[in-house]
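User: Hi! I have a model open here and would like to walk through it with you. Can we start with one of the sheets?

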Amino acid sequence: MIIKQLSVFLENKSGRLTEVTKILGDLGINISALSIADTAEYGILRMILTDTDKAYKALSEKGFSVSLTDVLCLKVPHVPGALAKALEILSKKGISVEYMYAFEVGEQALVIIKTDDIKKSIDLITSNEMELIKASEIDQI
Amino acid sequence: MIWNEHKECMSREELRILQGKRLCEMVERVYHNVPFYRKKMQELGLEPGDIKGIDDLPKLPFTTKQDLRDNYPYNLFAVPMSEVVRVHASSGTTGRPTVVGYTRKDISTWSEVVARCLISSGVKKNDIIQIAYGYGLFTGGLGLHYGSEKVGATVIPISGGNTKKQIQLMKDFGSTVLACTPSYALYLAESMEEMGINPKDLKLRVGIFGAEPWTEEMRKEIEKKLNIKAIDIYGLSEVIGPGVSCECEMQKGLHIQEDHFIPETIDPNTLEPVSNGQVGELVFTTVTKEALPLLRYRTRDLTTLNYEKCECGRTLVRMEKCTGRSDDMLIIRGVNVFPSQIESVLLNMGETNPHYLLIVDRINNLDVLEVWVEVEGSFFSDEIRKLESLTARIKHQIESTLGISVKVKLVEPKTIERTEGKAKRVIDKRKI
């Protein structure tokens with residue numbers, strides 16, 4: 001249920017993102033989901049990959065600061081109000097969302113979500129009959 | 001004008017005899033009153049009687065800033081604390097400041113040398129001196145203050161900062177002399193421009209600038225912008241504070257108050273004296289100081305000494321404007337900064353060995369220190385919030401250690417150039 005997200009520290013210099021994506025491409029690693037959080041001077045690239053361990057090793061060797069983070073991938077129907085409903089389940093129990101990014105796939109929407117309590121989030125989501133996607137499945141949707 | 005013609009213009013031979021006599025007395029005092037020096041001299045097989053005159057000076061042991069730190073706070077004092085009327089301290093590396101003490105006579109000596117400096121700068125009894133050096137543990141403010149009062153000038157003890165008020169009072173009170181760091185003088189000039197005040201409408205005529213290195217170009221700029229004569233004053237708290245040396249109106253080197261502080265210039269590697277006119281590390285022996293007499297104190301400042309008689313009439317040796325340092329100390333806004341201070345802050349914060357780079361620049365005439373820290377290992381988080389709080393913590397820790405504000409920038413690993421495995425720690429963009 002827990003998905004490993006790879007995070008990379010990037011300075012705001014042109015070409016850095018190209019370099020990371022090229023390294024991944026050359027290794028045949030596919031990016032299933034991606035987001036960038038940016039500040040004035042640097043950004044954090046967050047990715048769900050088809051081969052996280054390989055990417056982690058390759059990027060560390062190239063001198064990037066990388067880290068692995070536990071996140072969840074929530075599947076909700078692509079209809080108005082669905083995300084609100086899902087988030088309400090978490091917020092009612094006092095769980096905070098650190099960050100999230102989402103994309104739609106046809107009639108479904110996938111939400112990558114980092115909360116301050118991953119285990120409790122899994123329990124709440126599954127006991128409320130909502131679906132969590134495994135890492136291996138993201139690519140196939 | 002000359003404040004103390006007898007001392008400032010005596011023949012070189014007379015001066016050497018006076019220095020020799022004072023040196024012998026001083027050696028006697030430190031040998032008997034400072035265990036640190038007695039031990040050092042014994043290690044060299046020296047007894048006070050072996051020092052018979054100025055020519056024996058090179059036999060004596062050196063003192064370093066580390067020695068002062070090791071003897072923190074009072075262990076180098078040569079008098080009981082009941083005789084000490086004041087202490088000052090300079091910013092410390094790894095938390096330990098350098099503490100210096102003064103007896104009543106030391107304060108009087110200090111006032112005397114600053115008075116000589118002011119008079120040699122062209123200051124007179126009827127001048128109004130605005131002292132914009134910081135007052136407090138730093139020696140700048142109070143050092144200039146006592147000297148100015150000794151001269152009999154009117155003192156405005158405004159201390160540092162509060163630029164608008166500085167300018168307002170300068171105008172309203174009719175300040176004729178400004179004492180501050182040269183970079184602050186330029187900053188004041190620009191602020192005047194912004195406030196629509198023409199320096200020509202002010203009564204300012206002389207500036208006494210020190211506590212940081214500055215160039216001839218900077219002098220020209222200050223003189224032009226503020227319409228004054230800009231004089232370089234030098235000093236360090238370990239020796240006494242400002243007033244160790246100062247330019248005269250000829251502006252051709254800084255006269256050292258040699259009857260109190262005997263200068264030498266040495267090769268920082270071999271510790272041997274360099275020949276006259278060669279650049280060397282400046283070393284001082286404080287022959288008249290009572291509370292904290294120092295034998296051959298290594299200043300780490302590089303300069304040359306010129307023993308020719310000056311056109312002003314003074315025979316006191318002149319040192320050139322300091323051209324650099326024999327260690328990695330930076331002077332930023334008048335504050336001494338060692339790269340190792342920042343290193344220890346970073347080491348204390350994370351478990352990893354931090355890679356950092358200090359970038360010093362002068363923007364709008366104010367020194368700016370930027371610290372680049374490579375985001376590695378324990379410093380990295382995937383949350384912006386955590387990185388921002390890390391940046392804030394680094395900034396706070398460095399600022400409370402150094403006492404000056406810094407900008408912290410997180411950079412990618414390997415951003416900082418490594419030359420032969422050793423990282424370059426400082427880029428100084430100021431043209432000093």
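This is a predicted model: local features need pLDDT of at least 70, side-chain atom pairs count only at pLDDT 80 or more; totals for chains, interfaces and linings use all residues.

User: How many bridges join β10(B) to β11 of chain B?
Analyst: There are 6 bridges between β10(B) and β11 (residues 280-286) of chain B, and the two strands run antiparallel. To see one on your screen, find B:I262: its bridge partner in β11(B) is B:T285.

User: Nice, found them. What about the sheet with mixed pairing in chain B, what is its strand order?
Analyst: That open sheet has 9 strands, in the order β4-β3-β5-β6-β7-β8-β9-β14-β13 of chain B, and its pairing is mixed. Its edge strands are β4 (154-156) and β13 (305-306) of chain B, each with a pairing on one side only.

User: And how do β8 and β9 of chain B run, parallel or antiparallel?
Analyst: They run antiparallel, with 3 bridges joining β8 (residues 241-247) to β9 (residues 254-256) of chain B. Within that pair, B:C246 stands opposite B:H255 of β9(B).

User: Which strands does helix α5 of chain B touch?
Analyst: Helix α5 (residues 104-120) of chain B packs on the sheet and touches β6, β7 (229-236), β8 and β9 of chain B. The direction of α5 makes about 30° with that of β8(B).

User: What angle does helix α6 of chain B make with β8(B)?
Analyst: Helix α6 (residues 139-151) of chain B runs at about 65° to β8(B). It lies across β3 (128-131), β4, β5 (177-180), β6, β7 and β8 of chain B.

User: Why does B:L204 count as buried?
Analyst: Because B:L204 has 23 C-beta neighbours inside 10 Å, and the cut-off for buried is 20 or more.

User: What does B:L204 touch?
Analyst: Leaving out residues up to four places away in sequence, B:L204 touches B:M170, B:S175, B:T176, B:L178, B:P199, B:L226 and B:I228. As for B:M170, it is 34 residues from B:L204 along the chain, and their C-alpha atoms are separated by 8.0 Å.

User: Let's zoom out. How is chain B divided into domains?
Analyst: Chain B has domain 1 (1-327) and domain 2 (331-428). Their C-alpha centres lie 31 Å apart. In the contact, 13 residues of domain 1 of chain B meet 16 residues of domain 2 of chain B. On the domain 1 side, β1 (84-93) and α8 (182-195) of chain B are the elements that give two or more residues, and α8(B) gives the most, with 4 residues. That side divides into 4 nonpolar, 7 polar and 2 charged residues.

User: And how is chain A divided?
Analyst: Chain A has domain 1 (3-69) and domain 2 (70-138), with C-alpha centres 23 Å apart. Their contact takes 9 residues from domain 1 of chain A and 11 residues from domain 2 of chain A. On the domain 1 side, β1 and β2 (31-38) of chain A each supply at least two residues, and the largest share, 4 residues, comes from β2(A).

User: Last one: how many residues does each chain give to the contact between chain A and chain B?
Analyst: Chain A gives 15 residues and chain B gives 12 residues. On the chain A side, β1 (3-11), β3 (42-49) and β4 (66-77) each supply at least two residues. The chain A side divides into 5 nonpolar, 6 polar and 4 charged residues.

Conventions
Residues are numbered from 1 along each chain as its sequence is written. Chains are lettered from A and ligands numbered from 1 in the order in which they are written. Two strands pair if DSSP finds at least two bridges between them. Domain bounds come from an automatic or database domain assignment. Two residues are in contact if their C-beta atoms, placed from the backbone, lie within 7 Å. Ala, Val, Leu, Ile, Met, Phe, Trp, Tyr, Cys and Pro count as nonpolar, Asp, Glu, Lys and Arg as charged, and the others, Gly among them, as polar. A residue is buried if 20 or more other C-beta atoms lie within 10 Å of its own, exposed if 12 or fewer, and partly exposed in between; C-beta atoms are placed from the backbone. Axes are lines fitted to C-alpha atoms, for helices over the stretch in contact, and angles run from 0 to 180 degrees between N-to-C directions.
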